[in-house]
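Reader: Please present the structure, and then let us discuss its architecture and a selection of its residues in turn.

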Amino acid sequence: TTAHTHTRTHQDSERLWTISPPARAALLAMLNTSEADVALSFSWTLVRSAPLPTTRGGPACTGTSQFLVAGQTRRDLLDVLNLFTDRATLMTQNASDPSGPGSPALFPLFWRAGGEQCNLRFGFGDGSSSSSGGGSSNSLLQQLQPRPAAAAAPVGSGSRAGVLNSAGGAAAAAAAAASGPGGLVRAAGAQQGPDAWKYETVGCSVGLRSGRGQQWWDVQCGAQDADGMPVNGTSDPDHAECGAYFKGPQAVVVLEKVQTGIIGATLSSFGITGLYITFVYGLGRFLRLSFSNLRLKIPYEDLPSTRRLVALCQDLYIARAQGELVLEEELYNVLINVYRSPAVLFELTRKHKTS
């Protein structure tokens with residue numbers, strides 16, 4: 001069945017940020033140069049429960065993407081590194097206006113994962129686009145929706161990932177994003193409508209934290225609608241508890257239906273060609289052989305009366321039992337000649353009317 005998984009990650013990085021003083025000075029110089037393009041790279045790994053692993057694919061969905069940050073984000077990152085401010089809001093560069101403020105929408109909140117090779121589609125809007133597992137989707141970042149760049153934790157795995165599962169399909173994901181039990185609650189002034197959930201995105205801010213002489217990054221993210229209004233809160237206590245602790249990147253991944261059973265096993269092992277040969281060609285060939293050349297079997301299988309033929313076979317058996325081998329051979333030749341001549345066979349098997 002189709003299901004959706006609401007995945008949240010912890011905001012604190014699991015790895016320390018180690019950089020040498022010359023490299024840090026070079027990074028500060030690059031951020032301070034307006035001509036330099038600064039790009040952030042994101043990668044994700046999603047692990048589904050189906051299909052089975054094969055040479056052509058499997059349950060894993062991996063990918064990477066990058067986008068150029070806006071000028072204001074570059075200046076904010078410079079202030080964070082210089083300890084002038086605590087956080088910097090990540091804004092993507094607008095392709096039509098590179099010097100503009102940019103957009104806070106980093107990637108769509110809703111993803112769709114399906115197919116043996118995990119064709120990952122971002123968003124549910126009319127402009128929803130796809131990216132195969134392991135592929136790059138940099139060209140998609142020219143649009144506000146979708147914007148496939150996420151640092152998502154594996155679905156259903158990872159010690160720092162908070163995972164919330166529920167059954168249903170795209171409609172269930174829509175209901176969860178709109179309102180009701182377990183659904184996200186829009187803030188006052190947010191865009192309303194039955195299809196508003198399709199265009200919800202995720203915005204993030206980064207900060208550099210330190211402790212005991214070590215530094216690491218933390219990324220805090222939140223859902224927002226197409227107008228940039230926050231989608232916060234929840235009516236489900238379990239979701240609220242998870243959201244209060246896991247404030248990192250999040251995504252609602254809709255796992256599309258995957259064929260299971262013997263058909264799914266055949267598709268996973270042999271592909272569509274093996275499925276065709278096994279079920280269409282193999283069964284079709286068997287049925288065709290079962291019903292072909294029926295007219296040739298009618299003279300031998302649809303006999304009106306077999307009394308004389310049965311008597312001849314019994315005489316042949318008695319002759320063999322009595323050791324009359326010459327008589328047995330003569331009766332055998334008679335039986336063969338009867339089946340060789342349709343006229344004689346018809347005459348011996350016809351029903352005679354009794355007066």
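Author: Axes are lines fitted to C-alpha atoms, for helices over the stretch in contact, and angles run from 0 to 180 degrees between N-to-C directions. Helices (H or I, at least four residues) and strands (E, at least two) are DSSP runs, numbered from the N terminus. The model is predicted: local features need pLDDT of at least 70, side-chain atom pairs count only at pLDDT 80 or more, and totals for chains, interfaces and linings use all residues. Residues are numbered from 1 along each chain as its sequence is written, and side-chain values use heavy atoms, with hydrogens and water left out.

Reader: How many helices and strands are there in the protein chain?

Author: The elements are DSSP runs as set out above. On that basis, the protein chain has nine helices and 14 strands.

Reader: What percentage of the 355 residues in the protein chain is buried?

Author: Buried means under 20% relative accessible area, exposed over 50%, and partly exposed in between (1.4 Å probe, protein chains only). Of the 355 residues in the protein chain, the buried share is 37%.

Reader: Among contacts between residues at least 6 apart in sequence, what percentage joins residues at least 24 apart?

Author: Contact means heavy atoms within 4.5 Å. For contacts in the protein chain between residues at least 6 apart in sequence, the share that joins residues at least 24 apart is 67%.

Reader: Are helices H8 and H9 roughly parallel or roughly perpendicular to each other?

Author: The axes of H8 (residues 325-340) and H9 (residues 342-349) come within 5 Å and cross at roughly 105°. Angles under 35 degrees count as roughly parallel, over 145 as roughly antiparallel, 65 to 115 as roughly perpendicular and the rest as oblique. The relation of H8 to H9 is therefore roughly perpendicular.

Reader: Which residues have the most contacts inside the largest nonpolar core?

Author: A nonpolar core is a set of buried Ala, Val, Leu, Ile, Met, Phe, Trp, Tyr and Cys residues joined through side-chain atoms within 4.5 Å. The largest has 36 residues, and those with the most contacts inside it are Leu46, Trp111, Ala113, Leu120 and Val253. Elements that each supply at least two residues of this core include strand S2 (39-47), helix H2 (71-81), strand S6 (110-114) and strand S14 (250-255). A second, separate core of nine residues includes Leu303, Leu309, Ala319 and Leu345.

Reader: With which side chain does that of Asp12 make a polar contact?

Author: Asp12 lies in the loop between strand S1 (3-9) and helix H1 (21-31), and its relative accessibility of 16% counts as buried. A polar contact is a pair of N or O atoms within 3.5 Å; within protein, one must be able to donate a hydrogen and the other to accept it, and residues adjacent in sequence count only if both atoms are side-chain atoms. At 3.0 Å, the partner of the Asp12 side chain is that of Arg209.

Reader: With which side chain does that of Gln215 make a polar contact?

Author: Gln215 lies in strand S12 and is partly exposed at 23% relative accessibility. Leaving aside neighbours within four places in sequence, Gln215 is in contact with Leu16, Trp17, Arg24, Leu208, Arg209 and Ser210. The side-chain polar contact, at 3.3 Å, is with Arg24.

Reader: Is Ala88 buried or exposed?

Author: Ala88 belongs to strand S4. Not counting residues up to four places away in sequence, Ala88 touches Asp76, Leu77, Val80, Ser205 and Val206. With a relative accessible area of 0%, Ala88 is buried.

Reader: What is the phi of Arg212?

Author: Most residues other than glycine have a negative phi. Arg212 lies in the loop between S11 and S12 and is exposed, with a relative accessible area of 87%. Although Arg212 is not a glycine, its phi is positive, at about 55°.
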